[in-house]
Amino acid sequence: MRSLGTTVKLPVFTVVPDLLPVLCQVKMLCVRGLQRLKAAFYLPRTTTHRSLTSAEILPKDDAVSKALVEHYVTGIRLLKVENPSRQSKKGCVLCNVTVDFKNIQLLSQFVSPHTGRIYGRHITGLCGRKQKEISKAIKKAHSVGFMPVTHKYPEFMKDPRICSIKHLD
Amino acid sequence: MPRYELALILKAMQRPETAAAVRRTVENLMERGAVVRGLENMGERLLPYKMTKHNQRHSRGTYFLVDFYCAPSILGDLLNHLHRDVDVEDVTI
């Protein structure tokens with residue numbers, strides 16, 4: 001007997017790239033450096049205070065400090081990295097899968113095993129487009145005589161569960 | 001010519017009879033000027049629901065899928081003919 005369609009495999013989420021800590025540190029160094037310089041520049045010039053520490057902190061408007069600022073600024077501009085904490089777009093389970101009315105094994109995964117009713121979007125977790133396609137395909141399969149209406153084929157009961165529904169058995 | 005798919009469900013019969021029925025159907029198609037692209041056998045299975053056709057109640061059937069190109073004008077006539085065929089249980093295009 002020819003097998004009808006393939007079961008849907010659950011997606012494997014990709015691991016965050018290993019470059020994360022390194023890039024983070026470099027970026028942080030640049031940002032911190034600039035922040036420190038900025039803080040130093042905005043300190044009030046208190047000529048009345050006679051302390052050694054203030055003399056050290058107060059910046060000198062010379063070529064060295066200017067060069068440092070320039071260095072940090074260009075560093076940040078050159079380091080055009082993607083935000084490491086950005087999450088990639090998550091698609092629904094069937095994003096890259098074509099839905100066909102002949103593939104009744106796939107369609108049976110979105111149908112209740114007890115009553116054969118089609119599950120709603122809040123249970124299947126599909127996007128709008130795919131939910132509509134599945135629904136239409138199931139109805140077509142019913143009318144053509146491929147898929148049962150009031151129940152599910154017993155051989156498909158053991159398929160992996162995509163829908164987030166808890167059965168009492 | 002547009003492309004059609006014929007989902008044919010035949011009565012559960014012995015192999016030579018099934019072959020004869022399929023042959024008859026395909027010849028019928030070709031007579032009316034359809035170009036048959038391919039024929040798929042989906043095996044004999046328990047039907048999803050019991051069908052009553054030609055005063056007989058069927059529980060098992062053999063599924064075939066015929067891909068073909070034809071002019072839309074012959075479809076009505078073709079369906080009519082297939083529904084009258086005793087060995088055919090269900091036809092959908």
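Select A:Y153 and show what surrounds it: A:I104, A:F146, A:P148, B:R45, B:L46, B:L47, B:P48 and B:Y63 are in contact with this residue, leaving out residues up to four places away in sequence. Contact here means heavy atoms within 4.5 Å. The model is a predicted one, in which local features need pLDDT of at least 70 and side-chain atom pairs count only at pLDDT 80 or more, while totals for chains, interfaces and linings use all residues. Residues are numbered from 1 along each chain as its sequence is written, chains are lettered from A and ligands numbered from 1 in the order in which they are written, and side-chain values use heavy atoms, with hydrogens and water left out.

Stay on A:Y153. This residue lies in the segment after α6 (128-144) of chain A. Helices (H or I, at least four residues) and strands (E, at least two) are DSSP runs, numbered from the N terminus. A:Y153 is buried, with a relative accessible area of 5%. Buried means under 20% relative accessible area, exposed over 50%, and partly exposed in between (1.4 Å probe, protein chains only).

Next, colour the two chains separately and look at where they meet. Chain A brings 16 residues to the contact and chain B brings 18 residues. About 1,300 Å² is buried between chain B and chain A, with 58% of that area given by carbon and sulfur atoms. Buried area is the accessible area (1.4 Å probe) that two parts lose on being put together, summed over both. Select B:M42, B:R45 and B:P48: these supply 42% of the area that chain B buries against chain A, more than any other three residues.

For the charged link, select B:E5 and A:K102. Their side chains form a salt bridge at 2.7 Å, N to O; the term means a side-chain nitrogen of Lys or Arg within 4 Å of a carboxyl oxygen of Asp or Glu. The count between the two chains is 1 salt bridge.

On the side of chain B that touches chain A, β1 (3-11), β2 (35-53), β3 (56-69) and β4 (88-92) each supply at least two residues. The largest share, 11 residues, comes from β2(B).

Which residues have the most contacts inside the largest nonpolar core? They are A:I104, A:L107, A:F110, A:I134, A:F146, A:M147 and B:Y63, in a core of 29 residues. A nonpolar core is a set of buried Ala, Val, Leu, Ile, Met, Phe, Trp, Tyr and Cys residues joined through side-chain atoms within 4.5 Å. Two or more residues each come from α4 (104-108) and α6 of chain A and from β1, β2 and β3 of chain B. The largest share of this core, 5 residues, is from α6(A). A second, separate core of 20 residues includes B:M13, B:C70, B:I74 and B:V91.

Last, select A:Q131 in helix α6 of chain A. A:Q131 is buried, with a relative accessible area of 9%. A polar atom of its side chain lies 3.1 Å from the backbone oxygen of A:Y119. Then zoom out: chain A has 6 helices and 0 strands, and 31% of its 169 residues count as buried.

Note on methods. A polar contact is a pair of N or O atoms within 3.5 Å; within protein, one must be able to donate a hydrogen and the other to accept it, and residues adjacent in sequence count only if both atoms are side-chain atoms.
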